[in-house]
Amino acid sequence: MTGPDYRVEARGVLEAAGKALAAESARFAGIGWMRGTSGNLSIVLNRNPLRLAVTVSGLDKGELTSADVVVVDEYGRAVEEQPRPDLIPSAEAELHARVASLSGAGAVVHVHALQAVLAGHWWPDGIELRDLEMLKGIGRLAHDETVAIPVVPNSQDMKVLGDDVAKVFDPGVPAVVVARHGMYAWGRDLLQARHHTEIVEFLLQFKVETR
Ligand SMILES: CSCCC(=O)C(=O)COP(=O)(O)O
Ligand SMILES: [Zn+2]
C-alpha cells in the first residue's frame with residue numbers, strides 16, 4: 001500500500017512500537033540494567049526490506065516517551081520517511097539490525113547489566129553453563145548439556161561488532177555478551193527478548209558468584 005493511508009497506518013505502528021520500547025526501557029532502567037543513557041532496544045517492523053524501530057540515542061532510558069523512536073534500515077541508518085527525521089537512532093542500531101537478521105528475532109534488547117560484563121571479563125572466550133533449571137528459560141536442557149554464551153570483544157565500529165557476532169552466533173543461544181560493555185539478547189517479540197535477558201543475566205550471576 002502507498003499514499004496517505006499507508007502513512008497513517010505506519011505512524012500508528014511506529015507509535016505502538018515506541019510505547020512498548022519506552023515501557024520496556026523504563027523497566028530495565030528500574031532494575032539498574034540501563035543506568036544513565038546506557039542500553040537500547042528495538043522491534044522489527046518489517047523483514048524484507050529490514051526495518052526496525054529503535055530507541056533514540058543518548059537519552060535517559062528510564063524516561064523515554066513513545067515518540068523517542070526511529071525507523072532504521074539494515075545498516076542502522078534512519079530511513080528518510082519518518083515522523084521525526086531530526087531524531088538520532090541509537091549508536092548501536094546497526095548491531096540490532098545485524099542480530100535481527102542473523103537470528104530472525106522480532107525484538108532485540110541491549111543492556112549494560114553488570115553480571116554480563118563481569119562474566120565477559122572472566123570468560124572472554126565464551127561462558128559455559130550447565131545443570132541449571134533456568135537454562136530451560138532459553139530453550140535448553142536443565143541437565144546434562146553444556147550451553148555456551150558467546151562473548152565478543154567490544155568495538156566502536158558496529159560493522160566490526162556485527163561481523164564478530166556473526167562468527168560466534170549460535171542459533172540455540174538467544175544472547176551474546178559484548179566484553180567490557182554489556183549484553184544483547186533477543187526473542188520472537190519484546191516480551192520473550194525481556195525473558196531471555198533476565199534469564200541470561202541470572203545464569204551469568206550464578207556463574208560469576210560460583211567461580
Ligand atoms: C553510557 S552509554 C554508552 C553508549 C552505549 O553503549 C549505549 O548502550 C547507549 O547508546 P545509545 O546511542 O543507544 O544511547
Ligand atoms: Zn551499549
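A cavity is a set of points on a 1 Å grid over the protein atoms alone where a 1.4 Å probe fits but cannot get out, and its lining residues have an atom within 4 Å of a point. The model shown is predicted, with local features needing pLDDT of at least 70, side-chain atom pairs counting only at pLDDT 80 or more, and totals for chains, interfaces and linings using all residues. Residues are numbered from 1 along each chain as its sequence is written, and side-chain values use heavy atoms, with hydrogens and water left out.

**View 1. Lining of the largest cavity.**
A search of the whole structure finds one cavity of 30 Å³ or more. The largest cavity has a volume of about 30 Å³, a volume being the space filled by probe spheres set on the points, which are joined across faces, edges and corners. Its lining consists of Pro150, Val165, Val168, Phe169, Asp170, Val173, Ala175, Val176 and Trp186. Helix 4 and strand 8 each contribute at least two lining residues; helices (H or I, at least four residues) and strands (E, at least two) are DSSP runs, numbered from the N terminus. By class, eight lining residues are nonpolar, none is polar and one is charged (Ala, Val, Leu, Ile, Met, Phe, Trp, Tyr, Cys and Pro count as nonpolar, Asp, Glu, Lys and Arg as charged, and the others, Gly among them, as polar).

**View 2. Aromatic pairs.**
The structure holds two aromatic pairs (rings of Phe, Tyr and Trp, the last by its six-membered ring, with centres within 6.5 Å; planes under 30 degrees apart count as stacked, over 60 as edge-to-face and the rest as tilted). Phenylalanine 28 and tryptophan 33 are stacked, because their ring centres are 6.1 Å apart and their planes lie at 20°. Phenylalanine 28 is buried at 0% relative accessible area, and tryptophan 33 is buried at 15% (buried means under 20% relative accessible area, exposed over 50%, partly exposed in between, with a 1.4 Å probe and protein chains only). The rings of phenylalanine 169 and tryptophan 186 are also stacked, with centres 5.9 Å apart and planes at 25°. This pair links distant parts of the chain, 17 residues apart: phenylalanine 169 is in the loop between helix 4 (158–168) and strand 8 (175–178), and tryptophan 186 is in strand 9 (residues 182–187). Phenylalanine 169 is partly exposed, at 22%, whereas tryptophan 186 is buried, at 6%.

**View 3. Strand 9 and its partners.**
Six of the six residues of strand 9 are buried, so the strand is largely enclosed by the rest of the structure. Gly182, Tyr184 and Trp186 point one way, and Met183, Ala185 and Gly187 the other way. Strand 4 (residues 107–111) pairs with strand 9 in the antiparallel sense over five bridges (pairing requires at least two DSSP bridges between two strands). Alanine 107 has glycine 187 as its bridge partner in strand 9. Strand 8 also runs antiparallel to strand 9, joined by four bridges, and valine 177 is bridged to methionine 183. Strands 8 and 9 form a hairpin with three residues between them, and arginine 180 in the turn has a positive phi of about 55°.

**View 4. Lysine 207 over tryptophan 123.**
Lysine 207 lies over the face of tryptophan 123, at 5.0 Å from the ring centre (the criterion is NZ of Lys or CZ of Arg within 6 Å of the ring centre and within 35 degrees of the ring normal).

Key. Chains are lettered from A and ligands numbered from 1 in the order in which they are written. On a 1 Å grid over the protein atoms alone, a cavity is a set of points where a 1.4 Å probe fits but cannot get out, and a pocket is an open set with protein on both sides within 12 Å along at least five of seven lines; lining residues have an atom within 4 Å of a point.
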